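Student: I would like to learn how to read salt bridges in a protein model. Could you walk me through some?

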Amino acid sequence: MNISALLTSSGINTAVCAVLFSLYSILRKQPSLVSVYFGQKLAQVRSKRNDPFWLQRFIPSASWIVKSWVASEEELFATGGLDAVVFLRAVVFSIRVFSVAGVICLFLVLPLNYFGKEEHKHIRDEQLSVFTIEDVKEGSRWLWAHCLALYVISSCACILLYFEYKSITKMRLAYITASHSHPSHFTVLVRAIPWSQEESYGVKVAKFFTDYYSSSYLSHQMIYHSGAVQKLMTDAEKIYNMLKSNSMDQHYGSRLLRCGFCGGTSTSFKILSPEPENGRTTSCLDSPDLREKECGVALVFFRTRYAALVASEGLQQPNPMSWVTDLAPEPSDIYWSNLYVPYRIFWIRKIAILVAFILFVTFFLIPVVFTQSLVHLDKVEKIFPFMKDITERRFMKQLITGYLPSVILMIFLSIVPPIMMVFSTLEGSISRSGRKRSTCIKVLYFVIWNVFFANILTEAAIDHYQDSIMKLGDPKTIPNQLAKAVPSTATFFVTYVLTSGWASLSCELIQPFPLLYNSFYRFILRNKDDSSYGSYTFPYHTEVPRVLLFGLLGFTCSVLAPLILPFLLVYFFLAYLVYRNQILDVYVTKYQSGGLYWPIIHNTTIFSLVLTQIIALGVFGIKRSPIASSFTIPLIICTLLFHEYCRQRFHPVFKKTPAKTIIDMDREDEHSGRMEEIYQKLPSAYFQINSESRSLGKSLELNCPEIQANSRETGNISRLEDLETPGKMSARLP
């Protein structure tokens, strides 16, 4: 790829970003799109924006940029939680590190690379390889500058990582301490309860914890097979809200709606009265025996946080496949669907998911090879001469080599997160945040392999196709081949940052799928109620891997091909503004992991640093610079020692909750008298059916005499609300 192709790709992506950023500044002012770009802040829209002739609505502005820039970290924490702060800290860390790397590499390393050889073409026709370490002669005395730059970048990254890890660890401890009223601190999720014909699951749970945790056991709540009921209730609530918004009459019985898609008659939809018809009664409980619907899963409540912590950490029986205990997630975070699955089959699922993951990664090599063949079109033409006719026009060749490969790869990568989310769901995560974090790790592994390593190996294969394919497969030559291929593949990584980085931020601002969803509801279904469109949580499983992948590309290419650094810095600056805006206005925080994304960020950054140093060691060896090679080895050892120190010093806080912190919280609540209030709220905290559907459940309860009769017959159910679904049942000690 030459400079002209890079400029073509840069120009196209800059134009796309400018258009989409301007379009976003207009769309966010439209009253009909408030639910897309402002999430829960519907009531804060100024009334003058309802005027269709308000001129400011159609003029691009930078007000959202100013608002995102001036927002404090406290505001971001209050809006997006600790996970949002951790994610933005990763973006700020990248800006700081690559700013230092940009100053050193662009003003020291890049000129040395360019003038490494004396013969040069016109700057427009120059290949991008002249700006990489490939252009430096073997045995050059100037390779010490590359080694010095590597030392400075690694030292700066480690220092910043240390202070960030230390700060975020304090924030996590403060987050735990501030969550006094969280019911998850008192709740243990018990799975794999042994089945017995003589006793129900509920009776066995009560006996077990009464016998072994008599002083700390408070009560328990069984989990029932109600997944289908929950989905029906949730869908019914959404449809009810959608039809309710079109009401022109306050009397439900006389409401008539028109279908906006086919132009149907005014009797297309009719909403019936929620009141039961006179003379008609139906049985709500065809099968009052709830025992048949019990799962081998229960939520057990304890009197203190420390007791719940001890119970969750210990092995309850010699058989580790029974009475499995974990600290329960928050009520809004718990993933009910996976609780119904028998615990004993999860290990089989995990093996199957691992095999499926490997097969999917292998299959994805096909688009990677295709995109790399487009980048190195001149080399492919030697293998397939018929392609010369396609690339005769200069602009077409620049478009194919500079823009098309990264676009094709980005399109294929868009299907990866949904598939990985399915994999993580099947693995059996008990929390929504845990499922998203597991998806984040899978997507991260996938993009590191397929975007970085697979492209490098494909580059090496294309370079050595005519020599011998077996030469690439020789293990002795793989380090040298990788060291040669990384600087060459850096030209593709530059265009990938432009397309997947800049363009992805533009799409993140525009929100194309919610925009289409909103348009369908508003103009096809004629739904005018903004609150019924739903809300979205921040996609950490896609954005964290993207930021970390660009960090990997920045570290590995900073010394070898520093031309990527200006484009990376532009991406991270734009990401800082865009993500802050999305967290403040667009996404709703329904649940969070409490900063558990930071260990992923830290470990990936250390991996990127060590990989960069190993590749540089190989390059210095190929360039026959023994001094630079010998100085790189201690740097690798020091980086690994730093990582081990952080793992011992900070990481345990993210794996386990400190007992001292929990005990201090228990003592404070006992002295202040808050314990009794917490005990009263625990049984009603976990509700299998979505809380939005409770009103429907209450209406059902009031009109169902079977439910009321069953509640009087069952002594261990204390409230009618507990029978809105079979999944709400608390067995208390006498």
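Tutor: A salt bridge here is a side-chain nitrogen of Lys or Arg within 4 Å of a carboxyl oxygen of Asp or Glu. The general idea is that side chains of opposite charge can pair when their charged atoms come close. This is a predicted model, where local features need pLDDT of at least 70 and side-chain atom pairs count only at pLDDT 80 or more, while totals for chains, interfaces and linings use all residues. Residues are numbered from 1 along each chain as its sequence is written, and side-chain values use heavy atoms, leaving out hydrogens and water.

Student: How many salt bridges does this rule give?

Tutor: The count is 16. One of them pairs Arg-191 with Asp-326, at 3.1 Å from N to O. Arg-191 sits in strand S1 (residues 187-191) and Asp-326 in strand S6 (residues 324-327), so the bridge ties together parts 135 residues apart in sequence. Strands (E, at least two residues) and helices (H or I, at least four) are DSSP runs, numbered from the N terminus.

Student: Is Arg-191 buried or exposed?

Tutor: Arg-191 is buried, at 9% relative accessible area, whereas Asp-326 is partly exposed at 26%. Buried means under 20% relative accessible area, exposed over 50%, and partly exposed in between (1.4 Å probe, protein chains only).

Student: Which residue does Glu-677 form a salt bridge with?

Tutor: Its partner is Lys-681, with the closest N and O atoms 3.2 Å apart. Both lie in helix H25 (residues 675-685), four residues apart, which means about one helical turn separates them.
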